[in-house]
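The sequence and structure come next.

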Amino acid sequence: MSQGKAPPYVGLAVLSLIMILAVAVTRASLALAEQVQALTIGTTNFWSPPIHITKNFPDGASMPHIEVSVGDKLTILYNQENSGVINPYFARSSDGGRIWTAPAPVRSSSQQLLQATFVYHNNAAHALWRTDGGIFHALEDQWPSEENTIRSETDRVFQPDVASGKDDTVHVVWAEGENLQNIYHAYSTNNGATWTISPAVATLNDQSQTPAIAVDDSGNVHIVWEELLLVGNPPTIRNEVHYRKGTKSGASYDWGNVTILSSAFSNARRPAITTDADTVHVAFSSDVQVGLNVAQIPYYQSYSDGVWSAAVDVSNGTPVFVNTASPFFLVPALATCEGAVFYFYHGAETSNGKERILGVRRPNFDSQWNSVEIVTDGVTRAVNPSIACEGSRLHLAFEEILIDDSAHRIHYTYSRFRVNLPMVTK
């Protein structure tokens with residue numbers, strides 16, 4: 001909405017109004033601070049006022065992904081719809097999130113470019129997206145006019161994800177298949193100029209979808225995905241979260257056995273994965289019946305020294321509802337930093353409520369999860385969180401839904417997760 005200019009006069013009445021507004025703003029700010037402190041359950045978890053990243057752009061922005069690189073350089077990549085065509089766009093901050101550049105295209109095309117994501121590798125951003133014709137990659141110095149083809153398959157590739165480790169390898173995973181999809185992995189050792197595609201990682205006669213990938217400090221590749229199976233008689237759909245590890249062996253990868261992480265749950269969905277050194281962290285959700293409605297609970301598992309932990313409900317028994325048409329399910333986001341684990345997701349408190357961005361923190365690997373904190377106010381729907389951390393800041397991007405299927409915006413906010421107390425000298 002455009003705003004008109006103020007009238008070209010300043011009188012006593014206007015000055016009085018300014019003073020009244022100043023007092024009102026001060027009181028509102030204090031009230032907001034009190035509200036945020038109460039909601040986030042802890043004085044160190046204060047979230048900054050959200051910044052509208054896609055301001056002055058059509059309200060068709062969705063699915064943000066945020067990363068931080070050396071020197072507090074932040075980048076948010078997202079899908080931007082304009083006149084019915086979706087292209088990947090990005091915005092960047094070089095001062096830790098205070099000021100953001102105007103969004104610009106990663107790739108500008110008249111063809112639908114969907115499900116974009118990226119990763120920093122050797123301090124350069126590697127973007128990844130799919131189209132109806134395949135999976136494509138572009139290093140940031142190729143934006144917005146060049147691309148590298150990873151996989152060329154018409155109408156058969158879906159849901160790509162990308163990760164990198166400490167070596168010179170970038171890894172990609174996606175779902176592929178005309179009827180039932182399998183999970184595939186590819187990697188590049190020359191900044192994406194060429195790619196080697198591994199044999200299918202998931203080859204069951206079921207539907208494999210929504211893969212996620214991470215790489216540990218030893219160069220091992222860790223993949224999770226959602227498996228849809230028909231079980232019982234009459235058959236019913238069962239959703240499982242599967243995991244598989246790829247160990248580097250010369251110029252290829254040896255894939256271990258598939259592990260079912262969600263064997264205790266009948267409907268486990270949308271896994272996310274990250275690593276810290278050689279520890280693997282996985283997030284997913286599972287359905288729970290609440291009255292006549294189905295809610296979802298966020299779960300967490302970790303893998304270290306060859307052993308998987310038991311699944312933990314990080315919400316401490318507080319299920320949430322997801323009421324938007326897209327996404328249909330709770331979407332988790334994971335990050336690790338300074339020995340802490342961060343787990344954020346979206347959900348509503350009631351079956352007809354508006355989703356908020358929620359989160360929990362575990363200060364170190366041996367501690368308990370903190371209470372659930374609420375990031376957004378619930379006035380509008382907030383979904384699809386993405387998080388990244390560095391130093392003492394946790395950075396968060398999310399999608400705001402004003403009108404379903406049309407008015408979507410990308411916002412950014414941050415929180416401090418470690419307080420450096422001043423030194424007191426006597």
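## Sheet β24-β25-β26-β27

Two strands count as paired if DSSP finds at least two bridges between them. In this predicted model, an open sheet is built from four strands with antiparallel pairing, ordered β24-β25-β26-β27. The edge positions belong to β24 (333-337) and β27 (373-374); each has a single partner strand, so one side of each is left without a neighbour in the sheet.

Strand β24 runs antiparallel to β25 (residues 340-347), and five bridges join the two. Within this pairing, Leu334 is placed opposite Tyr343 in β25.

## Sheet β10-β11-β12-β13

Another open sheet has four strands in the order β10-β11-β12-β13, again with antiparallel pairing. Here β10 (157-164) and β13 (196-197) are at the edges; because each has a single partner strand, one side of each lacks a neighbour in the sheet.

The antiparallel strands β10 and β11 (residues 170-176) are joined by six bridges. Phe158 stands opposite Ala175 in β11.

## Salt bridges

The model contains nine salt bridges. One of them joins the side chains of Glu140 and Arg92, at 3.2 Å from N to O. Glu140 is in the loop between β8 (134-139) and β9 (148-151), while Arg92 is in strand β4 (residues 85-93), so the pair ties together parts 48 residues apart in sequence. Glu140 is partly exposed at 22% relative accessibility, whereas Arg92 is buried at 15%.

Arg151 and Glu176 also meet through their side chains in a salt bridge, with an N to O distance of 2.9 Å. This pair links distant parts of the chain, with Arg151 in strand β9 and Glu176 in strand β11, 25 residues apart. Glu176 has a relative accessible area of 4% and is therefore buried. A further salt bridge is formed by Glu349 and Arg356, whose closest N and O atoms are 3.8 Å apart. Glu349 is exposed, with a relative accessible area of 59%, but Arg356 is buried at 17%.

Is Ser302 buried or exposed? Its relative accessibility is 15%, so Ser302 counts as buried, the cut-off for that class being under 20%. Ser302 belongs to strand β21 (residues 293-304).

Leaving aside residues up to four places away in sequence, Ser302 touches Val280, His281, Val307, Trp308 and Ser309.

Notes: Residues numbered from 1 in each chain as written. Predicted model: local features only at pLDDT ≥ 70, side-chain atom pairs only at ≥ 80, totals over all residues. Heavy atoms only, no water. Buried < 20%, exposed > 50% of the residue type's maximum accessible area, 1.4 Å probe, protein only. Contact = heavy atoms within 4.5 Å. Salt bridge = Lys/Arg side-chain N within 4 Å of Asp/Glu carboxyl O.
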